[in-house]
Amino acid sequence: MYDLNAIAEEHLIAAHADEHGRSANLIVRDQPLRQTVIALTAGTSLDEHNTPPAASLQVLRGVVRVTMPSGDVELTMGSLYLLPHERHGLKAVTDAAVLLTAVND
């Protein structure tokens, strides 16, 4: 069992100590399922990248913006969002931690 609140807090502290303002850790890997906690300090972004075949983003702390060619989506703490099949980026509006769940081929 995982304590997502504790993991989010740990990675937010690590993100503040990181020169790039981010910290991440793969917590579940059971092929094809992967779950990763990602923490970003306010204003920090992850560059645009491809979406896995199936993926969702759950906001554990803060506010994030998913940036996509079809339009941006702002997500707040407690939101669960199914990522569409298009390239996207992620920006922390406030200090934030998310749980990325991905299923790869």
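How exposed is arginine 87? At 35% relative accessibility, arginine 87 is partly exposed, a label for anything between buried (under 20% relative accessible area) and exposed (over 50%), using a 1.4 Å probe and protein chains only. The model here is predicted, so local features need pLDDT of at least 70 and side-chain atom pairs count only at pLDDT 80 or more, while totals for chains, interfaces and linings use all residues. Residues are numbered from 1 along each chain as its sequence is written, and side-chain values use heavy atoms, with hydrogens and water left out.

Now for the charged pairs. Side chains of opposite charge can pair when their charged atoms come close. The whole structure turns up three salt bridges, each being a side-chain nitrogen of Lys or Arg within 4 Å of a carboxyl oxygen of Asp or Glu. One of them links glutamate 48 to arginine 87, with the closest N and O atoms 2.9 Å apart. Glutamate 48 sits in strand β3 (residues 45-49) and arginine 87 in the loop between β7 and β8 (88-92), so this pair ties together parts 39 residues apart in sequence. Strands (E, at least two residues) and helices (H or I, at least four) are DSSP runs, numbered from the N terminus. Glutamate 48 is partly exposed too, at 45%.

Another salt bridge joins glutamate 9 and arginine 61 at 2.7 Å, N to O. Glutamate 9 belongs to helix α1 (residues 4-17) and arginine 61 to strand β4, so parts 52 residues apart in sequence are tied together. Glutamate 74 pairs with arginine 65 at 3.0 Å between the closest N and O atoms.
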